[in-house]
Amino acid sequence: MSAQTSPRSVSVVGLGPMGQSMVRAFLDAGVEVTVWNRSTDKVDAMVELGAKPAATVADALDANEVTVLSLTHYAAMYDVLGQATDHLAGKVIANLSSDSPEKARKGAEWVRSHGAQFLSGGVMSAGDNIAHPASYIFYSGPHEVFDAHAELLRPLSPQEYLGADDGLAQIFYQALLTIFHPWLLAFDQATAMIDRSGHSISQFIPFAVRSAAAFPYFMEEFSVANQNGGWATLASLKMMDAGAQHIIDASEEVGVDATFSHTAQSFWRKAIAATEEKGEAVSTYALLRGDKV
C-alpha cells in the first residue's frame with residue numbers, strides 16, 4: 001500500500017473511560033488504533049471493537065508515530081513511558097491527561113529530553129461523552145507540532161489550540177474545572193434541600209435550568225469587573241453575606257449539610273472586614289487572587 005493511501009494510525013495508552021471513548025472515536029473515523037493498558041481486560045474490550053493490542057508500552061510506541069496518553073495524572077506518564085524511554089526518539093506524545101500546568105511543563109521537558117515531540121491537552125467533555133456538542137479539547141505546545149497532527153487528532157473532539165506554553169492547556173482546563181466542581185456541590189446541596197423539604201427534584205429542575213441561562217451574562221459582567229479589581233461595594237458584600245445566611249438556614253432547617261455555603265459566606269465576610277479596614281471596596285476576587293489589601 002502506498003504512503004498516499006495508507007490509513008491513518010495512532011496508539012492510545014491508558015484505557016480508562018476517557019481512553020476508551022477516544023479509541024471508539026478514532027475507530028469510528030477510520031483510524032487504525034493500537035492500544036495498551038495495564039489491565040488486559042480493557043485491551044480485550046477495545047480489540048473486540050477493532051483495535052490492535054500492544055503487548056508492551058514499547059510495542060505501542062513502535063506501532064505509530066503518534067501516541068495519545070489518557071492517564072490519571074502526569075506521574076502515571078513517567079511510570080508508563082519510563083518502561084520504554086529508548087523507544088521515544090522520533091515519536092510524538094499527545095498527553096491528554098489532567099494535571100497542573102507546571103507538571104505539564106515538566107512532563108513536556110522530560111519527553112523532549114528523550115527525543116520525542118510533545119503536545120499537552122485538556123479534554124473539556126460532557127463526562128466521557130467526547131462526541132457531545134459541548135465537548136472540545138484544549139491543546140498547547142509548539143504550533144508546528146499541533147499543525148502537523150491536528151487532522152489525525154480531530155476525531156476526538158473539536159480543537160482549541162491556545163499557544164506554545166506547554167502548561168496553557170492545563171491552565172484553561174483547570175480554570176474551567178474550578179467553576180464546575182463548586183457548581184456540582186451546589187447542585188447536590190440545592191437538590192438535597194428540595195428533597196428533604198418534601199418536594200420534587202424533577203419539579204425543581206426546569207427552574208434550575210432556566211436560571212442557568214443567566215450565567216453567561218454574569219460571567220461576562222464579572223469578567224470585566226475582575227479585570228479592574230473585582231466587583232464589590234460594602235453594601236453588595238453585606239447583601240451577599242446575608243444571602244449566604246439565608247441559604248445556610250434553609251439547608252440546615254431540613255438537615256442538609258451547608259458546609260459549602262458556610263465556606264462561601266466566610267469569603268464575603270473576609271471581604272467585608274477588609275473593606276471596612278481599608279476604607280475602600282475589597283472584592284472576593286482580589287482576596288482569591290492574593291492581592292495585598
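**Chat about strand β1 and its sheet**

Student: Which strand does β1 pair with over five bridges, and in what sense?

Tutor: β1 (residues 9–13) is joined to β2 (residues 32–36) by five bridges, and the two run parallel. Strands here are DSSP runs of E, at least two residues long, and helices are runs of H or I of at least four, numbered from the N terminus. Two strands pair if DSSP finds at least two bridges between them. This is a predicted model: local features need pLDDT of at least 70, side-chain atom pairs count only at pLDDT 80 or more, and totals for chains, interfaces and linings use all residues. Residues are numbered from 1 along each chain as its sequence is written, and side-chain values use heavy atoms, leaving out hydrogens and water.

Student: What about Val12, which residue is its bridge partner in β4?

Tutor: That's Val68. β1 and β4 (residues 66–69) pair in the parallel sense, over three bridges.

Student: Why is β1 largely enclosed?

Tutor: Four of its five residues are buried, so the rest of the structure largely encloses β1. Buried means under 20% relative accessible area, exposed over 50%, and partly exposed in between (1.4 Å probe, protein chains only).

Student: New topic: what is the strand order in the sheet?

Tutor: The open sheet has eight strands, ordered β3-β2-β1-β4-β5-β6-β7-β8, with mixed pairing. At the edges are β3 (52–53) and β8 (159–163), each pairing on one side only.
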